[in-house]
Amino acid sequence: MNKLRKKIYKLRIKLLYLSNSIKYLFTRGKKVNIVSSSKYQNRIKEDLILQKYLLKEGYHTKIISFEDDYQESDLNIIRSVWGYHHDVERFLKFINNNKTINNKDLIINNIDKKKQYQILKENDISTIDTIFLDNIKEYKYNSDKIVIKPVISASGDNTFIINNINDLESVKNLNSIMIQPFIDGVNAGEISVIVIDKRIKYGIKRFPGVFTKYRKEEYITINDLNKEIINTVNNIILIKEYKEAVFMRIDFIFDNNCYKVMEVELVDPNLFIETINDSKLKDEVYKSFVKAIKTRQN
């Protein structure tokens, strides 16, 4: 049955791509690119559906890869650029040479977790206790279970759980690292909040599979979001460095009887729109996304 579902999913993706390609030929509005990577270009359902909505609004929209040569456009929406951390220089070159949503200042400050955590700390946002070091040699291990990963990373790449001093051998070649305590609350899942144009839209319970067994994401209505989380998100939205964000995903974990921010994702967050089980709400989310893009484009 799983194989059948995968075949049906791939067929739907292909049909959506073909439908958008035909509409693209007959659309003559302003050029708006959805930016992906060579690995995921025209393969992500959310990208293709967003393209469909933008084409419907009259925008000459296609999905491109940031690794490709420059393609003229009025605006570039940064979406599934997953893997950009393997070629940060090329990605930043694209960001600096093109008008983007989110804008380049937001992206540049967000890529580097040290800068991101500094912004959050300056605004009294509770985050996971984190040590930033240039090299693991500077760290004095004290037998605690910890997590070590690069300051610029994504998708769990080069993320290691350290249980004893011998495990440090696995991270000896990493530079510019961040060290965090391993939080048992990860077994209960992370809570992610999706914000579009300064408005909380919904939440997602996630089990990414980096530290726990992967499980399917669970949709959370606004009314079911913890009030502490909502208050923190509303405070983050007001931070001056984040005021221009068109979309963001804020990830939380429960630790020591409170929710702490793991990350504010402004670069390429998966928004999990397709996880919404209410078709009317799903439609409203896509429309609000397009409306926010349209406002910035004008």
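Before anything else, one term: when I say two residues are in contact, or touch, I mean heavy atoms within 4.5 Å. Some housekeeping too: this is a predicted model, so local features need pLDDT of at least 70 and side-chain atom pairs count only at pLDDT 80 or more, while totals for chains, interfaces and linings use all residues. Residues are numbered from 1 along each chain as its sequence is written, and side-chain values use heavy atoms, with hydrogens and water left out.

Let's start with H60. It lies in strand β2, residues 60–65; helices (H or I, at least four residues) and strands (E, at least two) are DSSP runs, numbered from the N terminus. What does H60 touch, not counting residues up to four places away in sequence? The list is Y24, T27, R28, G29, K30, K31 and V32. H60 is buried, with a relative accessible area of 13%. Buried here means under 20% relative accessible area, exposed means over 50%, and partly exposed is in between, with a 1.4 Å probe and protein chains only. As for V285, H60 is 225 residues from it in sequence and 21 Å from it in space, C-alpha to C-alpha.

Next up, helix α5, residues 113–122. Its N-terminal end is capped by D112, with a side-chain oxygen 2.9 Å from the backbone nitrogen of K114.

Which residues of α5 are buried? They are K113, Q116, Y117, I119 and L120. They cover an arc of only 155° around the axis, which puts them on the same side of α5. That arc is taken from the directions from the helix axis to the C-beta atoms. On the face turned away from the buried side, α5 carries the exposed residues K121 and E122. The cover over the buried residues includes α4 (104–111), β5, β8 (175–181), α6 and β13.

K113 has a relative accessible area of 5%. Leaving aside its neighbours within four places in sequence, K113 is in contact with F132, V151, S153, M178 and E263.

Just after α5, D124 takes a positive phi of about 60°. Then comes T127, in the loop between α5 and β5 (131–135). T127 is buried too, at a relative accessible area of 17%, and with neighbours within four places in sequence set aside, its contacts are Y117, L120, K260 and V261.

On to α6, residues 227–237, where the buried residues are I229, I230, T232, V233, I236 and I237. Seen down the axis of α6, those residues fall within an arc of 165°, so they line one face of the helix. Among the elements covering them are α5, β9 (190–196), β10 (199–207), β12 (247–255) and β13 (258–265). N226 does the N-terminal capping for α6, with a side-chain oxygen 2.7 Å from the backbone nitrogen of E228.

Last topic: empty space. Rolling a probe the size of a water molecule over the atoms shows where it is left. On a 1 Å grid over the protein atoms alone, a cavity is a set of points where a 1.4 Å probe fits but cannot get out; a pocket is an open set with protein on both sides within 12 Å along at least five of seven lines; and lining residues have an atom within 4 Å of a point. Grid points are joined across faces, edges and corners, and a volume is the space filled by probe spheres set on the points.

How many cavities of 30 Å³ or more does the structure hold? Two. The largest has about 40 Å³ of space, and its lining is V195, D197, K198, I237, Y242, A245, V246, F247 and M248.

Finally, the second largest pocket holds about 330 Å³. R5, K6, I8, Y9, K10, R12, I13, K14, R43 and K45 line this pocket, and helix α1 (residues 2–25) gives the most, with eight residues.

Note on methods: Polar contact = N/O pair within 3.5 Å; in protein donor to acceptor, adjacent residues only side chain to side chain.
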